[in-house]
Amino acid sequence: MIEVKNLYKSFDGVPVLEDINIQFEQGKTNLIIGQSGSGKTVLMKCCIGLFPVDQGIISFNGRDFSGLPDKKRRHIRQEMGVLFQGGALFDSFTVEENIMFPMNMFTNMTLKEKKERVNFVLENVNLGGTNEKFPSELSGGMLKRVAIARALSLNPKYLFADEPNSGLDPKTAERIDTLLYDLTKKFNMTTVINTHDMNSVLEIGEKISYIHKGKLWWEGNHKEILQTDNPELNEFVFATALTRRIKK
Amino acid sequence: MKLFSEIGEYVLLILQAFKRPDKGFVFRRQLWTDLKQIGSDSIGIIAIISVFLGAIMAIQLAYNIDSPFIPRPIIGFATRSMLILEISPTFMSMILAGKVGSRIASEIGTMRITEQIDALRVMGVNPANYLILPKITAAMIYFPVLVTFSIFLGVFGGWVSGSVTGLVPSVDYIQGIREWFVPFNLVYAMIKTLVFAFIITSVAAYRGYTVKGGSVEVGQASTNAVVQSNILIIIFDLILTQMLLT
(Lines give C-alpha, C1' and ligand atoms only; values in the text may rest on other atoms or scores of the structure.)
Protein backbone atom coordinates (compact mmCIF):
# COMPACT_ATOMS: atom_id res chain seq x y z
CA MET A 1 0.00 0.00 0.00
CA ILE A 2 1.15 3.52 -0.75
CA GLU A 3 0.04 6.24 1.63
CA VAL A 4 0.07 9.95 0.88
CA LYS A 5 -0.47 12.11 3.97
CA ASN A 6 -1.05 15.87 4.09
CA LEU A 7 0.92 16.42 0.88
CA TYR A 8 1.67 19.98 -0.09
CA LYS A 9 3.66 20.96 -3.15
CA SER A 10 4.24 24.36 -4.73
CA PHE A 11 6.31 25.80 -7.55
CA ASP A 12 7.72 29.31 -7.12
CA GLY A 13 5.33 29.87 -4.22
CA VAL A 14 2.25 28.86 -6.24
CA PRO A 15 0.56 25.84 -4.62
CA VAL A 16 -0.02 22.95 -7.01
CA LEU A 17 -1.09 20.30 -4.51
CA GLU A 18 -2.69 21.09 -1.15
CA ASP A 19 -3.42 18.75 1.73
CA ILE A 20 -3.63 15.57 -0.34
CA ASN A 21 -4.46 12.41 1.61
CA ILE A 22 -4.77 9.22 -0.44
CA GLN A 23 -4.19 5.51 0.10
CA PHE A 24 -3.33 3.48 -2.99
CA GLU A 25 -4.33 -0.09 -2.27
CA GLN A 26 -2.41 -3.26 -3.01
CA GLY A 27 -3.77 -5.57 -5.69
CA LYS A 28 -5.94 -2.82 -7.13
CA THR A 29 -5.76 -0.43 -10.06
CA ASN A 30 -5.74 2.99 -8.38
CA LEU A 31 -6.58 5.76 -10.82
CA ILE A 32 -5.75 9.43 -10.43
CA ILE A 33 -7.96 11.53 -12.64
CA GLY A 34 -8.29 15.24 -13.22
CA GLN A 35 -8.20 17.92 -15.85
CA SER A 36 -4.93 19.00 -17.45
CA GLY A 37 -3.11 21.23 -14.97
CA SER A 38 -5.00 19.84 -11.99
CA GLY A 39 -1.79 18.51 -10.42
CA LYS A 40 -2.15 14.78 -11.04
CA THR A 41 1.21 14.43 -12.83
CA VAL A 42 2.89 16.41 -10.04
CA LEU A 43 1.30 14.03 -7.53
CA MET A 44 2.68 11.03 -9.39
CA LYS A 45 6.12 12.60 -9.73
CA CYS A 46 6.13 13.28 -5.98
CA CYS A 47 5.21 9.64 -5.37
CA ILE A 48 8.08 8.32 -7.49
CA GLY A 49 10.54 10.83 -6.06
CA LEU A 50 11.11 13.01 -9.12
CA PHE A 51 9.79 16.06 -7.27
CA PRO A 52 10.62 16.72 -3.62
CA VAL A 53 7.57 17.39 -1.47
CA ASP A 54 7.26 20.67 0.47
CA GLN A 55 5.20 19.15 3.28
CA GLY A 56 3.65 15.78 4.02
CA ILE A 57 4.67 12.16 3.89
CA ILE A 58 4.63 9.52 1.16
CA SER A 59 5.19 6.03 2.48
CA PHE A 60 5.42 2.61 0.85
CA ASN A 61 4.06 -0.15 3.09
CA GLY A 62 4.78 2.04 6.09
CA ARG A 63 8.29 3.00 4.99
CA ASP A 64 8.75 6.75 4.67
CA PHE A 65 9.96 7.59 1.15
CA SER A 66 9.55 11.34 0.81
CA GLY A 67 11.64 12.09 3.88
CA LEU A 68 14.64 10.07 2.71
CA PRO A 69 17.62 11.62 0.92
CA ASP A 70 18.04 10.51 -2.70
CA LYS A 71 20.78 7.99 -1.87
CA LYS A 72 18.66 6.11 0.66
CA ARG A 73 15.66 5.87 -1.64
CA ARG A 74 17.30 3.31 -3.87
CA HIS A 75 15.95 0.27 -2.04
CA ILE A 76 12.33 1.41 -2.40
CA ARG A 77 12.94 2.63 -5.96
CA GLN A 78 13.99 -0.84 -6.98
CA GLU A 79 10.56 -2.07 -5.91
CA MET A 80 8.90 0.41 -8.28
CA GLY A 81 8.15 0.07 -11.94
CA VAL A 82 7.30 3.23 -13.81
CA LEU A 83 5.66 3.59 -17.19
CA PHE A 84 6.28 7.08 -18.54
CA GLN A 85 3.88 8.80 -20.91
CA GLY A 86 6.16 8.42 -23.94
CA GLY A 87 7.57 5.08 -22.81
CA ALA A 88 11.04 6.55 -22.12
CA LEU A 89 12.76 3.55 -23.66
CA PHE A 90 16.47 3.97 -24.37
CA ASP A 91 16.71 4.59 -28.11
CA SER A 92 20.13 3.04 -28.58
CA PHE A 93 19.14 -0.24 -26.90
CA THR A 94 17.13 -3.11 -28.32
CA VAL A 95 13.93 -4.25 -26.61
CA GLU A 96 15.90 -6.96 -24.82
CA GLU A 97 18.62 -4.56 -23.69
CA ASN A 98 16.00 -2.09 -22.44
CA ILE A 99 14.31 -4.74 -20.33
CA MET A 100 17.61 -6.17 -19.17
CA PHE A 101 18.94 -2.77 -18.10
CA PRO A 102 17.52 -2.72 -14.53
CA MET A 103 18.69 -6.32 -14.05
CA ASN A 104 22.20 -5.38 -15.24
CA MET A 105 22.30 -2.49 -12.80
CA PHE A 106 20.84 -4.05 -9.68
CA THR A 107 21.09 -7.82 -9.78
CA ASN A 108 23.79 -10.42 -10.11
CA MET A 109 21.70 -12.62 -12.37
CA THR A 110 23.50 -14.63 -15.03
CA LEU A 111 22.93 -13.81 -18.69
CA LYS A 112 20.78 -16.92 -19.05
CA GLU A 113 18.60 -15.91 -16.10
CA LYS A 114 18.25 -12.40 -17.45
CA LYS A 115 17.25 -13.63 -20.88
CA GLU A 116 14.67 -15.94 -19.31
CA ARG A 117 13.24 -13.03 -17.34
CA VAL A 118 13.14 -10.85 -20.48
CA ASN A 119 11.23 -13.55 -22.35
CA PHE A 120 8.89 -14.03 -19.39
CA VAL A 121 7.94 -10.34 -19.13
CA LEU A 122 7.68 -9.99 -22.91
CA GLU A 123 5.28 -12.96 -22.99
CA ASN A 124 3.25 -11.25 -20.26
CA VAL A 125 2.78 -8.18 -22.43
CA ASN A 126 2.15 -10.31 -25.54
CA LEU A 127 5.32 -9.23 -27.29
CA GLY A 128 7.26 -12.47 -27.43
CA GLY A 129 9.89 -12.53 -30.17
CA THR A 130 10.53 -8.78 -30.37
CA ASN A 131 13.79 -9.00 -28.39
CA GLU A 132 16.08 -7.71 -31.12
CA LYS A 133 13.92 -4.82 -32.31
CA PHE A 134 14.84 -1.20 -31.57
CA PRO A 135 12.27 1.24 -30.11
CA SER A 136 12.20 3.12 -33.44
CA GLU A 137 10.85 -0.03 -35.12
CA LEU A 138 7.85 -0.35 -32.78
CA SER A 139 4.34 1.12 -32.94
CA GLY A 140 3.00 3.36 -30.16
CA GLY A 141 1.12 0.51 -28.48
CA MET A 142 4.12 -1.82 -28.68
CA LEU A 143 6.36 0.87 -27.18
CA LYS A 144 4.02 1.18 -24.22
CA ARG A 145 3.97 -2.57 -23.76
CA VAL A 146 7.76 -2.81 -23.88
CA ALA A 147 7.88 -0.01 -21.30
CA ILE A 148 5.49 -2.03 -19.14
CA ALA A 149 7.71 -5.07 -19.62
CA ARG A 150 10.76 -3.05 -18.50
CA ALA A 151 8.80 -1.77 -15.51
CA LEU A 152 8.04 -5.39 -14.59
CA SER A 153 11.59 -6.65 -15.05
CA LEU A 154 12.55 -6.45 -11.36
CA ASN A 155 9.23 -7.89 -10.21
CA PRO A 156 7.99 -4.60 -8.70
CA LYS A 157 5.60 -4.23 -5.79
CA TYR A 158 4.44 -0.84 -7.04
CA LEU A 159 3.61 0.05 -10.64
CA PHE A 160 3.09 3.65 -11.75
CA ALA A 161 1.76 4.55 -15.17
CA ASP A 162 1.52 8.13 -16.40
CA GLU A 163 -1.24 8.44 -18.99
CA PRO A 164 -0.61 5.00 -20.49
CA ASN A 165 -3.29 5.50 -23.16
CA SER A 166 -2.26 8.86 -24.50
CA GLY A 167 -1.75 8.91 -28.24
CA LEU A 168 -3.19 5.43 -28.77
CA ASP A 169 -6.23 4.35 -30.78
CA PRO A 170 -9.24 3.16 -28.69
CA LYS A 171 -8.62 -0.52 -29.38
CA THR A 172 -4.94 -0.39 -28.39
CA ALA A 173 -5.79 1.82 -25.40
CA GLU A 174 -8.23 -0.81 -24.19
CA ARG A 175 -5.60 -3.53 -24.59
CA ILE A 176 -3.17 -1.50 -22.47
CA ASP A 177 -5.87 -1.02 -19.80
CA THR A 178 -6.69 -4.70 -19.73
CA LEU A 179 -3.01 -5.57 -19.59
CA LEU A 180 -2.37 -3.24 -16.64
CA TYR A 181 -5.42 -4.61 -14.82
CA ASP A 182 -4.47 -8.24 -15.44
CA LEU A 183 -0.84 -7.70 -14.42
CA THR A 184 -1.96 -5.96 -11.23
CA LYS A 185 -4.03 -8.98 -10.29
CA LYS A 186 -1.45 -11.52 -11.41
CA PHE A 187 1.47 -9.99 -9.50
CA ASN A 188 -0.61 -8.44 -6.69
CA MET A 189 0.96 -5.02 -7.25
CA THR A 190 -0.12 -1.62 -6.03
CA THR A 191 -0.81 0.03 -9.38
CA VAL A 192 -1.27 3.77 -9.72
CA ILE A 193 -2.45 5.09 -13.08
CA ASN A 194 -2.67 8.71 -14.09
CA THR A 195 -5.31 9.16 -16.72
CA HIS A 196 -8.03 11.29 -18.19
CA ASP A 197 -9.27 8.51 -20.42
CA MET A 198 -12.90 7.91 -19.42
CA ASN A 199 -12.90 4.42 -20.84
CA SER A 200 -10.10 3.51 -18.39
CA VAL A 201 -12.01 5.13 -15.56
CA LEU A 202 -15.13 3.12 -16.25
CA GLU A 203 -13.40 -0.17 -17.08
CA ILE A 204 -10.54 -0.55 -14.60
CA GLY A 205 -11.10 2.13 -11.96
CA GLU A 206 -11.15 0.04 -8.79
CA LYS A 207 -10.18 3.08 -6.78
CA ILE A 208 -10.47 6.51 -8.32
CA SER A 209 -9.08 9.73 -6.86
CA TYR A 210 -10.27 12.91 -8.54
CA ILE A 211 -7.86 15.85 -8.23
CA HIS A 212 -9.37 19.27 -8.85
CA LYS A 213 -7.39 22.52 -8.57
CA GLY A 214 -4.67 20.77 -6.59
CA LYS A 215 -7.04 19.23 -4.03
CA LEU A 216 -8.44 15.76 -3.57
CA TRP A 217 -12.04 16.40 -4.59
CA TRP A 218 -13.62 12.96 -4.68
CA GLU A 219 -12.80 9.28 -4.12
CA GLY A 220 -14.69 6.19 -5.16
CA ASN A 221 -14.77 3.42 -7.77
CA HIS A 222 -15.99 2.99 -11.34
CA LYS A 223 -19.52 2.15 -10.21
CA GLU A 224 -19.83 5.03 -7.76
CA ILE A 225 -18.55 7.55 -10.28
CA LEU A 226 -21.64 6.96 -12.43
CA GLN A 227 -23.92 7.92 -9.56
CA THR A 228 -21.96 10.82 -8.13
CA ASP A 229 -23.67 14.15 -7.63
CA ASN A 230 -20.38 16.02 -7.27
CA PRO A 231 -20.82 18.85 -9.82
CA GLU A 232 -17.12 19.34 -10.67
CA LEU A 233 -16.58 15.61 -11.13
CA ASN A 234 -19.72 15.28 -13.23
CA GLU A 235 -18.59 18.15 -15.40
CA PHE A 236 -15.21 16.44 -15.89
CA VAL A 237 -16.34 12.86 -16.37
CA PHE A 238 -19.43 13.52 -18.41
CA ALA A 239 -17.95 16.24 -20.57
CA THR A 240 -18.68 14.45 -23.85
CA ALA A 241 -22.01 13.49 -25.40
CA LEU A 242 -21.01 9.82 -25.31
CA THR A 243 -20.33 9.74 -21.56
CA ARG A 244 -23.55 11.68 -20.89
CA ARG A 245 -25.45 9.02 -22.80
CA ILE A 246 -23.75 6.31 -20.74
CA LYS A 247 -24.78 8.07 -17.52
CA LYS A 248 -28.42 8.19 -18.68
CA MET B 1 23.97 36.13 -11.35
CA LYS B 2 22.76 33.54 -13.87
CA LEU B 3 26.39 32.80 -14.78
CA PHE B 4 27.29 31.97 -11.17
CA SER B 5 24.21 29.82 -10.78
CA GLU B 6 25.11 27.92 -13.97
CA ILE B 7 28.71 27.43 -12.83
CA GLY B 8 27.39 26.06 -9.54
CA GLU B 9 25.01 23.71 -11.33
CA TYR B 10 27.81 22.58 -13.64
CA VAL B 11 30.16 21.82 -10.73
CA LEU B 12 27.45 19.86 -8.88
CA LEU B 13 26.63 17.87 -12.00
CA ILE B 14 30.28 16.98 -12.60
CA LEU B 15 30.67 15.95 -8.95
CA GLN B 16 27.64 13.68 -9.40
CA ALA B 17 29.19 12.26 -12.56
CA PHE B 18 32.49 11.48 -10.84
CA LYS B 19 30.95 9.02 -8.38
CA ARG B 20 31.94 5.37 -8.45
CA PRO B 21 29.92 3.57 -11.16
CA ASP B 22 27.20 1.22 -9.89
CA LYS B 23 28.31 -1.69 -12.01
CA GLY B 24 31.79 -1.98 -13.48
CA PHE B 25 30.80 -3.97 -16.53
CA VAL B 26 27.97 -1.57 -17.40
CA PHE B 27 30.44 1.32 -17.21
CA ARG B 28 32.98 -0.54 -19.37
CA ARG B 29 30.34 -1.34 -21.97
CA GLN B 30 29.20 2.27 -22.07
CA LEU B 31 32.83 3.43 -22.26
CA TRP B 32 33.46 1.12 -25.18
CA THR B 33 30.45 2.54 -27.05
CA ASP B 34 31.58 6.10 -26.32
CA LEU B 35 35.16 5.38 -27.38
CA LYS B 36 33.76 4.39 -30.74
CA GLN B 37 31.28 7.24 -31.06
CA ILE B 38 33.53 9.97 -29.68
CA GLY B 39 36.88 8.69 -30.92
CA SER B 40 36.85 6.28 -33.84
CA ASP B 41 34.05 8.09 -35.64
CA SER B 42 36.14 11.30 -35.60
CA ILE B 43 39.23 9.84 -37.28
CA GLY B 44 38.04 10.68 -40.80
CA ILE B 45 37.40 14.36 -40.29
CA ILE B 46 40.59 14.80 -38.24
CA ALA B 47 42.64 13.06 -40.95
CA ILE B 48 41.27 15.17 -43.80
CA ILE B 49 41.62 18.49 -41.99
CA SER B 50 45.10 17.71 -40.65
CA VAL B 51 46.56 16.69 -44.02
CA PHE B 52 45.16 19.78 -45.72
CA LEU B 53 46.19 22.17 -42.94
CA GLY B 54 49.74 20.79 -42.95
CA ALA B 55 49.86 21.16 -46.72
CA ILE B 56 48.51 24.71 -46.65
CA MET B 57 50.89 25.76 -43.86
CA ALA B 58 53.94 24.46 -45.73
CA ILE B 59 52.94 26.33 -48.91
CA GLN B 60 52.18 29.55 -47.01
CA LEU B 61 55.49 29.38 -45.15
CA ALA B 62 57.39 28.76 -48.38
CA TYR B 63 55.56 31.68 -50.00
CA ASN B 64 56.42 34.03 -47.11
CA ILE B 65 60.02 32.89 -46.61
CA ASP B 66 61.68 33.79 -49.88
CA SER B 67 64.89 35.26 -48.48
CA PRO B 68 68.01 33.32 -49.49
CA PHE B 69 69.39 34.02 -45.97
CA ILE B 70 66.68 31.89 -44.34
CA PRO B 71 67.41 28.18 -44.67
CA ARG B 72 64.64 26.10 -46.32
CA PRO B 73 64.51 23.53 -43.48
CA ILE B 74 62.84 26.28 -41.46
CA ILE B 75 59.62 25.45 -43.34
CA GLY B 76 59.56 21.88 -42.07
CA PHE B 77 60.55 23.05 -38.59
CA ALA B 78 57.84 25.73 -38.46
CA THR B 79 55.16 23.41 -39.82
CA ARG B 80 55.97 20.79 -37.21
CA SER B 81 56.19 23.29 -34.36
CA MET B 82 52.89 24.98 -35.23
CA LEU B 83 51.17 21.64 -35.52
CA ILE B 84 52.45 20.43 -32.15
CA LEU B 85 52.01 23.69 -30.25
CA GLU B 86 48.72 24.99 -31.58
CA ILE B 87 47.10 23.58 -34.69
CA SER B 88 46.62 19.98 -33.62
CA PRO B 89 45.73 20.40 -29.94
CA THR B 90 43.68 23.61 -30.18
CA PHE B 91 42.28 23.72 -33.70
CA MET B 92 41.43 20.01 -33.73
CA SER B 93 39.79 20.35 -30.32
CA MET B 94 37.60 23.10 -31.75
CA ILE B 95 36.64 20.80 -34.62
CA LEU B 96 35.88 18.07 -32.09
CA ALA B 97 33.84 20.51 -30.01
CA GLY B 98 31.62 20.93 -33.08
CA LYS B 99 31.40 17.25 -33.88
CA VAL B 100 31.51 15.52 -30.50
CA GLY B 101 30.16 18.34 -28.30
CA SER B 102 27.04 18.88 -30.36
CA ARG B 103 26.42 15.15 -30.48
CA ILE B 104 26.70 14.76 -26.71
CA ALA B 105 24.49 17.78 -25.99
CA SER B 106 21.77 16.68 -28.40
CA GLU B 107 21.91 13.03 -27.29
CA ILE B 108 21.62 13.83 -23.58
CA GLY B 109 19.17 16.68 -24.26
CA THR B 110 16.87 14.34 -26.19
CA MET B 111 17.10 11.82 -23.37
CA ARG B 112 16.07 14.59 -20.99
CA ILE B 113 13.00 15.72 -22.94
CA THR B 114 11.84 12.18 -23.64
CA GLU B 115 12.00 11.34 -19.91
CA GLN B 116 14.78 8.76 -20.36
CA ILE B 117 16.85 10.52 -17.69
CA ASP B 118 13.83 10.52 -15.35
CA ALA B 119 13.47 6.80 -16.05
CA LEU B 120 17.08 6.25 -14.99
CA ARG B 121 16.55 8.25 -11.80
CA VAL B 122 13.38 6.41 -10.92
CA MET B 123 15.19 3.11 -11.35
CA GLY B 124 17.72 4.30 -8.76
CA VAL B 125 20.53 4.86 -11.27
CA ASN B 126 22.72 7.98 -10.99
CA PRO B 127 22.06 9.38 -14.50
CA ALA B 128 24.97 11.83 -14.43
CA ASN B 129 27.38 9.05 -13.58
CA TYR B 130 25.90 6.60 -16.07
CA LEU B 131 25.70 9.05 -18.98
CA ILE B 132 28.50 11.57 -18.46
CA LEU B 133 31.45 9.78 -16.85
CA PRO B 134 32.01 7.32 -19.74
CA LYS B 135 31.90 10.19 -22.24
CA ILE B 136 34.46 12.28 -20.36
CA THR B 137 36.68 9.23 -19.87
CA ALA B 138 36.39 8.23 -23.54
CA ALA B 139 37.30 11.72 -24.71
CA MET B 140 40.27 11.94 -22.35
CA ILE B 141 41.54 8.61 -23.61
CA TYR B 142 40.92 9.17 -27.31
CA PHE B 143 41.57 12.88 -27.91
CA PRO B 144 45.34 12.59 -27.24
CA VAL B 145 45.40 9.74 -29.78
CA LEU B 146 43.56 11.88 -32.33
CA VAL B 147 45.83 14.86 -31.72
CA THR B 148 48.97 12.72 -32.11
CA PHE B 149 47.49 11.32 -35.30
CA SER B 150 46.73 14.87 -36.46
CA ILE B 151 50.34 16.01 -35.84
CA PHE B 152 51.74 13.17 -37.93
CA LEU B 153 49.25 13.68 -40.75
CA GLY B 154 49.79 17.45 -40.75
CA VAL B 155 53.55 17.00 -41.06
CA PHE B 156 52.93 14.45 -43.80
CA GLY B 157 50.58 16.87 -45.62
CA GLY B 158 53.26 19.58 -45.51
CA TRP B 159 55.84 17.20 -46.94
CA VAL B 160 53.51 16.12 -49.77
CA SER B 161 52.55 19.68 -50.74
CA GLY B 162 56.13 20.96 -50.52
CA SER B 163 57.42 18.10 -52.66
CA VAL B 164 54.61 18.12 -55.22
CA THR B 165 54.75 21.90 -55.76
CA GLY B 166 58.53 21.96 -55.64
CA LEU B 167 58.44 24.81 -53.11
CA VAL B 168 60.24 22.81 -50.41
CA PRO B 169 62.66 20.07 -51.43
CA SER B 170 61.95 16.85 -49.61
CA VAL B 171 65.43 16.70 -48.09
CA ASP B 172 65.10 20.21 -46.60
CA TYR B 173 61.63 19.54 -45.24
CA ILE B 174 62.68 16.29 -43.57
CA GLN B 175 65.76 17.96 -42.13
CA GLY B 176 63.52 20.73 -40.77
CA ILE B 177 61.08 18.42 -39.03
CA ARG B 178 63.99 16.55 -37.37
CA GLU B 179 65.89 19.60 -36.13
CA TRP B 180 65.47 21.57 -32.87
CA PHE B 181 62.90 19.20 -31.43
CA VAL B 182 61.82 20.04 -27.86
CA PRO B 183 60.15 16.98 -26.27
CA PHE B 184 58.33 19.14 -23.71
CA ASN B 185 56.30 20.67 -26.54
CA LEU B 186 54.58 17.31 -26.94
CA VAL B 187 53.87 17.16 -23.21
CA TYR B 188 52.41 20.68 -23.43
CA ALA B 189 50.24 19.62 -26.39
CA MET B 190 48.95 16.57 -24.53
CA ILE B 191 48.16 18.53 -21.36
CA LYS B 192 46.18 21.02 -23.43
CA THR B 193 44.39 18.21 -25.23
CA LEU B 194 43.34 16.55 -21.97
CA VAL B 195 42.00 19.84 -20.59
CA PHE B 196 40.13 20.56 -23.83
CA ALA B 197 38.69 17.02 -23.89
CA PHE B 198 37.31 17.56 -20.41
CA ILE B 199 35.88 20.97 -21.33
CA ILE B 200 34.20 19.76 -24.52
CA THR B 201 32.52 16.71 -23.00
CA SER B 202 31.57 18.20 -19.65
CA VAL B 203 30.16 21.46 -21.06
CA ALA B 204 28.20 19.58 -23.72
CA ALA B 205 26.90 17.09 -21.16
CA TYR B 206 25.86 19.92 -18.83
CA ARG B 207 24.05 21.74 -21.64
CA GLY B 208 22.21 18.58 -22.66
CA TYR B 209 21.43 17.48 -19.12
CA THR B 210 19.81 20.79 -18.16
CA VAL B 211 17.60 21.16 -21.25
CA LYS B 212 14.03 22.16 -20.52
CA GLY B 213 11.37 22.19 -23.22
CA GLY B 214 11.42 20.48 -26.59
CA SER B 215 13.36 20.01 -29.79
CA VAL B 216 14.04 23.74 -30.22
CA GLU B 217 15.70 23.86 -26.81
CA VAL B 218 17.76 20.75 -27.62
CA GLY B 219 19.03 22.54 -30.73
CA GLN B 220 19.87 25.62 -28.67
CA ALA B 221 21.66 23.50 -26.09
CA SER B 222 23.71 21.90 -28.82
CA THR B 223 24.69 25.28 -30.28
CA ASN B 224 25.48 26.70 -26.83
CA ALA B 225 27.63 23.67 -26.05
CA VAL B 226 29.79 24.25 -29.14
CA VAL B 227 30.05 28.03 -28.70
CA GLN B 228 30.84 27.87 -24.99
CA SER B 229 33.33 25.02 -25.41
CA ASN B 230 35.19 26.99 -28.08
CA ILE B 231 35.34 30.10 -25.91
CA LEU B 232 36.61 28.07 -22.95
CA ILE B 233 39.16 26.30 -25.16
CA ILE B 234 40.65 29.64 -26.24
CA ILE B 235 40.66 30.99 -22.67
CA PHE B 236 42.32 27.85 -21.29
CA ASP B 237 44.73 27.80 -24.23
CA LEU B 238 46.00 31.19 -23.15
CA ILE B 239 46.14 30.23 -19.47
CA LEU B 240 47.98 26.94 -20.11
CA THR B 241 50.38 28.54 -22.56
CA GLN B 242 51.23 31.20 -20.01
CA MET B 243 51.65 28.59 -17.29
CA LEU B 244 53.61 25.99 -19.23
CA LEU B 245 55.69 27.87 -21.78
CA THR B 246 56.85 30.99 -19.97
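Guide: Let us start with strand pairing: two strands pair if DSSP finds at least two bridges between them. Here strand E1 of chain A pairs with strand E4 (residues 55-60) of chain A in the antiparallel sense, over five bridges. In that pairing, A:Tyr8 faces A:Gln55 of E4(A). Strands (E, at least two residues) and helices (H or I, at least four) are DSSP runs, numbered from the N terminus.

Visitor: What should I know about the model and its numbering?

Guide: This is a predicted model, where local features need pLDDT of at least 70 and side-chain atom pairs count only at pLDDT 80 or more, while totals for chains, interfaces and linings use all residues. Residues are numbered from 1 along each chain as its sequence is written, and chains are lettered from A and ligands numbered from 1 in the order in which they are written.

Visitor: Over how many bridges do strands E1 and E2 of chain A pair?

Guide: E1 (residues 2-11) and E2 (residues 14-24) of chain A share seven bridges, again antiparallel. A:Lys9 stands opposite A:Leu17 of E2(A). Two residues lie between the strands of this hairpin, and A:Asp12 has a positive phi near 50°.

Visitor: How many helices and strands does chain A have?

Guide: Chain A has ten helices and ten strands.

Visitor: Is A:Met80 buried or exposed?

Guide: A residue is buried if 20 or more other C-beta atoms lie within 10 Å of its own, exposed if 12 or fewer, and partly exposed in between, with C-beta atoms placed from the backbone. A:Met80 counts as buried because it has 26 C-beta neighbours inside 10 Å. A:Met80 belongs to strand E6 of chain A. In chain A, 42% of the 248 residues are buried.

Visitor: Which residues does A:Met80 touch?

Guide: Contact means that the C-beta atoms of two residues, placed from the backbone, lie within 7 Å. Leaving aside residues up to four places away in sequence, A:Met80 touches A:Ile48, A:Pro156, A:Tyr158, A:Phe160 and B:Val122. The C-alpha atoms of A:Met80 and A:Pro156 are 5.1 Å apart, although 76 residues separate the two along the chain.

Visitor: How many residues does each chain bring to the contact?

Guide: Chain A brings 16 residues and chain B brings 13. On the side of chain A that touches chain B, helix H2 (74-77), strand E6 (80-83) and helix H3 (95-106) of chain A each give two or more residues. The largest share, four residues, comes from H3(A).
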